[in-house]
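Here's a quick briefing for anyone opening this structure for the first time. Have a look at the sequence and the model, then read on.

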Amino acid sequence: MDTHFIDFSQSILQAIHTPEWDARGIQVLVKRDDLLHPEVSGNKWRKLQYNIQQAIHGKNEGIFTFGGAYSNHLLATAFATQAMGLKSIGFVRGDELNKDSNHTLRRCAELGMELQFLSREMYNLHDDKQFIDELKLENPGFYAVPEGGGNYYGIVGCQAIWKELPSDVDHVFVAQGTTATSCGILLGMPETCQLHVVPVLKGFDAKATMESKLHWFLFDSELASELVENVHVHGDFHFGGYGNYSQQLLQFIQSTYKNHQLPLDPIYTAKAFFAMQETLQSPAFDHSKVIFIHTGGLQGCKSIELKENLILFSN
Ligand SMILES: Cc1ncc(COP(=O)(O)O)c(C=O)c1O
């Protein structure tokens with residue numbers, strides 16, 4: 001499979017220093033997966049890679065998948081399928097939308113993705129087997145990828161993250177949506193390291209979701225619950241839930257960029273970085289090596305900047 005448009009060596013480890021972390025011997029490194037590609041950024045290619053491979057092996061002509069109005073996953077799928085010579089259909093949440101509703105949808109359409117807009121009631125069936133089977137019948141030759149790429153192949157792709165990290169890491173922090181990325185990292189990681197997840201959804205049961213995904217992945221319920229037992233969930237940093245953010249969070253994004261030249265998005269990575277900063281205040285983290293996984297999401301910032309009438313990334 002010719003995946004020329006992604007070069008994993010672009011995902012560098014960026015050291016972040018603050019006087020406090022330096023004084024306490026805390027070494028923070030950001031795994032810059034956001035630098036992998038401007039439109040197939042962060043965890044997106046990791047979750048799509050083996051799904052696309054499966055679609056090609058199965059001689060499918062394209063992929064259909066699901067996403068919201070500003071979905072990073074839809075845009076990444078539109079770019080990656082086009083680059084790999086496949087067609088794509090994006091089922092979008094919200095039948096009041098159209099391809100000109102925002103930058104993300106316009107760009108998906110430009111990249112050749114056929115957009116179909118579903119009512120919220122219908123969109124909520126996106127994980128329902130019967131609904132997917134019907135869509136497969138209506139779209140023969142199209143391989144189905146779930147919302148966010150959060151399936152078996154998505155987890156397999158995210159397992160590789162750990163292989164790109166130094167072996168003496170003590171803590172890994174990552175934002176969480178479907179949990180595929182965190183499950184992949186957890187599966188690859190040694191027992192000496194601790195995983196910290198920051199769900200961006202309000203009232204989300206991170207451990208139960210991870211456990212059921214891992215159970216189904218490993219066919220071993222005991223191992224799944226053992227693995228999840230040691231995961232640290234930072235559940236109070238969703239800022240009102242998925243898609244919500246506050247002025248405080250936007251200011252945090254601006255100051256993080258100003259102080260560290262690290263761009264964060266308000267939907268996923270800023271919430272996780274904020275949670276990490278708060279969590280590291282505990283003396284338990286003194287003299288430890290911490291990795292923050294930058295999962296991307298920056299494409300959606302264009303729409304937020306326009307809406308809020310501000311510039312998020314400038315010195
Ligand atoms: C930018 C970004 N970060 C983090 C996540 C969460 O990853 P996951 O759904 O694998 O938990 C997503 C969603 O896929 C995302 O778009």
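A polar contact here is a pair of N or O atoms within 3.5 Å; within protein, one must be able to donate a hydrogen and the other to accept it, and residues adjacent in sequence count only if both atoms are side-chain atoms. This is a predicted model, where local features need pLDDT of at least 70, side-chain atom pairs count only at pLDDT 80 or more, and totals for chains, interfaces and linings use all residues. Residues are numbered from 1 along each chain as its sequence is written, and side-chain values use heavy atoms, with hydrogens and water left out.

- A polar backbone atom of T179 sits 2.8 Å from an oxygen atom of the ligand.
- T178 has a backbone N or O atom 2.7 Å from a ligand oxygen atom.
- With T295, a polar side-chain atom lies 2.7 Å from a nitrogen atom of the ligand.
- Taken alone, the ligand exposes 390 Å², and the protein buries 97% of that (Shrake-Rupley method, 1.4 Å probe).

**The shell around the ligand**
- Of the 14 residues around the ligand, K47, G177, T178, T181 and T295 come nearest (a residue is near if one of its heavy atoms lies within 4 Å).
- Helix 2 and helix 8 (180-188) each supply at least two residues of this shell (helices are DSSP runs of H or I, at least four residues; strands are E, at least two).

**S41**
- You'll find S41 in the loop between strand 2 (27-32) and helix 2 (44-57).
- S41 counts as buried because its relative accessibility is 10% (buried means under 20%, exposed over 50%, partly exposed in between; 1.4 Å probe, protein chains only).
- Leaving aside neighbours within four places in sequence, S41 is in contact with D33, D34, T295, G296 and G297 (contact means heavy atoms within 4.5 Å).
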